[in-house]
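Subject: Structure handover

Hello,

Here is the structure for you to look through. My notes follow below it.

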Amino acid sequence: MNESRTYEGSIWRLWDFHCHTPASYEWRGQKLRGLDAAAREKLIEQTVDSMAKASPNVFVIMDYWTFDGYLAIVEHERKNLGSLAGKPVFPGIELRVESSLKQRLNVHLVLDPEVPPQLLNDILATLKVNLKDGDRPLSEHCLVQYSRELGRGRLEKDHFDVKRVAEDEDYALQIGWQTAMVTAESLREALTLMGGWGLLLMPWDTYGGLKDIDWTAHYTEVRRLRTAADIFECKDEGNRLAFHGVRHELNEKYFDSFFDSLDRKPRLCVRGTDAHSHSNYGVFPSGMKTWIKAEPTFKGLLHAIKEPVFRSYIGDIPPKRAFVEANGRLFMQRLQISAKASAKTNEKWFSGTDLVLNPDLVAVIGNKGSGKSGLAEVLALAGNSKAHEFFTFLVDSRFKSGSIQRASAFEAKLTWRNGDETSVSLDQQADPQRPERVKYISQIYFEDLCNDHVTGKSDRFSTEIRKVLFSHLDQADRGSHQDLDEYLAAKERPAQERIDELRQDLRQVNAQLAELERQSGIAHENELKEKLASKKLELGDLQAKKPTEIPKPLDALDTPSTSEGQRLIEIAQELTQLDIASSLTDATRRELVERREVLTSVAERLVAFEQQVARINESLLAELHQVDVKFDSIVQVQTQHPVLLDIRGATEHALIELGTKQQEAASRHEALIIERKLLQETLDQPNKLYQDFVVRLAAWEKAVKSLVGKPDEAETIKFYEARLAELAQLPARCKVLEVSQDKLVREIYSELKSIAESRRSLFTAVEQLVAAVPGVATELKVEFQSALFFDRQAFVEKFFSLVKQSTGGFRGDEEGQVKLASILRDIDFNSSDSVAIGFRAIRVAITGTDGGPAALLPILRTKVTSEQLYELLFDLRQIEAKFSLSLAGTSIQQMSPGQRGALLLIFYLLVDSDPTPLILDQPEENLDNQTVYSMLVPIIQRAKERRQIILVTHNANLAVCCDAEQIILAEFDRNDHFALTYTSGAIESSELNRAVLDVLEGTTPAFDNRRDKYFGE
């Protein structure tokens, strides 16, 4: 039969490795032997029809002792093309072989359907049965003779009719079929004769298998058969995994010795129906169906043998195939590109492209400029990828360029496996109203994503990580949250509120410190001194204007003789008492006003606290209702602020009473002045002058007292003297506030750190995925991180927008930048102490070691306040909890471009749970071949188990070692009107296999030349 070429490449097909036909001696029903031509043809037609209707896609005929059934089926198909519904049939034969074992030992040969018919005859002629007169080639006559030489004892032991064996040739042949064995030597010769045309299949734990043979007693023979076999028929899952080279808890106890006995070379395990009737075609024992992912050819089978873990499955249906069938919307099936009817160009380009796409790994290969990236970008465009900015072919400078508008002349139709169809013109871009159905990642995207993440220019990489982490979050944890940001906002709200409170406290400290520093400045000191000097000058002027003393008249030295004089004395005494009382009343009023302000402030803050509790109650209402908890049962807040209001009311009443008294005293004072003035008019001139002197002296003394004042009376000499005296204490007070700043920095940092650490539990699921891939977790040490990320660039830019570079500690455009960078380098952002010390060092460096707090303001830019600088330095808004990745302990910020690319590939291929198709354009660009093979290969192999991957590559390690299910060869012929052609198929198909060798390995001579120069072990 001809090679079954499939343009879709290697797909899962159901194979029956052990199927009989009516040519087999144990067939249950009418047998071919002895039928006339017409009856024979009818039986073969029935057999072929049964195969065509049965579930297996590929049949391996395993008739005992003969190829007759296979040859009859092939001949029928040749005469009736399509009668097998396109299902390949492999020739095979089931034999028993002589051995030193007590158990029956069955062997099976599986041959290439392309085998020359003569070779089948030669194999039968090579197989020998040992008879008394020597070994004879396998034939019906030989089998008859064998049964007649068994002897009476053996025949009777097996309950055979001795007389009938001797007399009935058909009966004797039946016994020969059941008992004969070919010699081990002839089997070895037959295997040699088959060469590359055939394979040895050995039963393991099925009928006539090796499993129950005493390994110790028959070590050499069993080992020879185990190592010679290419395929084993095996029921037990633990054994199958061991045959495939997979250590598992099911085979942990014996894996090493088991795999060593196979020379540590994996073997393919299969199951067959062992069907002996038409009705049993496709009926696998215990539902243990054998699926092979390969072209249904002998070469395809050889590839499955080389990588049985990825290319074989025993069970109802392979998980990936089941997923594809259930989720056709996630898998591209067919891409068709054609010129539009309205096209006005004779250039061919993509026209005529018609590709059926494999749902697993598709490797697009070709020489440079052959249209590989063009095909990937057409797929991305048809899948509505929003990554058009990273295209390199469908762009204005290339395919969209020129006056002929060639891109607009072509359209692509993408068909999905669920039947959806999308048509796009190649000059379009993604429709923003529709979702992306594919994810397109080019090398440019990798580089930009990494660089933007490292420089802090973009948070896109962290956004991608957050999407993935949220997708792996347990549904119960996710609840009604739409994304990770929403989930974290709810979870981290208490910590964020504590941070907000700490920053509010910090703002108050900053304001106090800024004010103290302003007061510490020489300008403020000079201002105080100027005002004090002014007040002293005013005092000097006042003292110079002291009323000239006028002696008391002689007659006034004695007891006043007149009633007017006596009254004046009384008025003077009362006025003095009123002035003393007024001073005391003013002091009392100040105390009462301050008391009222404190009571009002505290009461208002208590009310605000109660309102805050009410708001918290309202915000928690839905959540508490969800868990059937009442707010009052867990929080009870009750303040006694009405008590404060009562005290404030009493204070207000006291102020009112005091005001009434002051008004009464003022009225009395005014009345006394008037009365005194009238009385003075009645005095004689000497007494009149004296009384005037007494009044002016009292006014002068009052003015002097008011000017000298007290330390707590503003704009007095004592006030300014007290403020100047306090300047010496300001550095100590500033130091206390600086300590408070540093303390708050540490507390804010601790809260940020706790947020980062609390997020690490989100990594559990993805870390398990990483750990499951050999080498990624152990050798490459890929780790997910939730750490505090300092946005250095944003901090530096903001810093120099506040601080001058023409003066101060960061003087000089370049020198200032270098100095700040040096201080920042010394900060360990994993330590709260280092962060607090480091930012304090920046503050000190602004004014220099000799400068003090007062020197800060002149170094800040115009209209910049100290509070703004302190906010930048100490509220830590440039430090944020972010997600990132590391490789072998190296953070992404410190990696080479190749390391970053490798890390991102791990992220997208292994951890990203997005099931949409992934289109990768040359992801290996910055990676060395060793990294590609040791890391990318196992990751891609795992990633393709759950999603469709289109991979544009120049690297043989990716296309070949990843065992791409489909190869698409891109070719460009400029001379044929710029024709792009794409040839597709499985890597095991001859045409594509040669293309891979030529394009990726540089042709056979180049590959052989390199291989021959390496030393083997």
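Helices (H or I, at least four residues) and strands (E, at least two) are DSSP runs, numbered from the N terminus. This is a predicted model, where local features need pLDDT of at least 70, side-chain atom pairs count only at pLDDT 80 or more, and totals for chains, interfaces and linings use all residues. Residues are numbered from 1 along each chain as its sequence is written, and side-chain values use heavy atoms, without hydrogens and water.

Pocket

α35 gives the most to the lining of the largest pocket: 6 residues. A pocket is an open set of points on a 1 Å grid over the protein atoms alone, where a 1.4 Å probe fits, with protein on both sides within 12 Å along at least five of seven lines. Lining residues have an atom within 4 Å of a point. The lining has 37 residues. Val246, Pro308, Val309, Phe310 and Glu945 lie nearest the pocket's centre.

Helix pair

α32 (832–847) and α33 (866–874) have axes that come within 9 Å and cross at roughly 150°. Axes are lines fitted to C-alpha atoms over the stretch in contact, with angles from 0 to 180 degrees between N-to-C directions. Contact means heavy atoms within 4.5 Å. Among the residues that meet are Phe839 and Ile842 in α32, and Leu869 and Leu873 in α33.

Strands

Two strands pair if DSSP finds at least two bridges between them. β14 (332–339) and β17 (410–416) run antiparallel, joined by 7 bridges. Ser338 stands opposite Glu411 in β17. β14 also pairs with β15 (353–356), antiparallel, over 4 bridges. There, Leu335 has Leu355 as its bridge partner.

Best wishes
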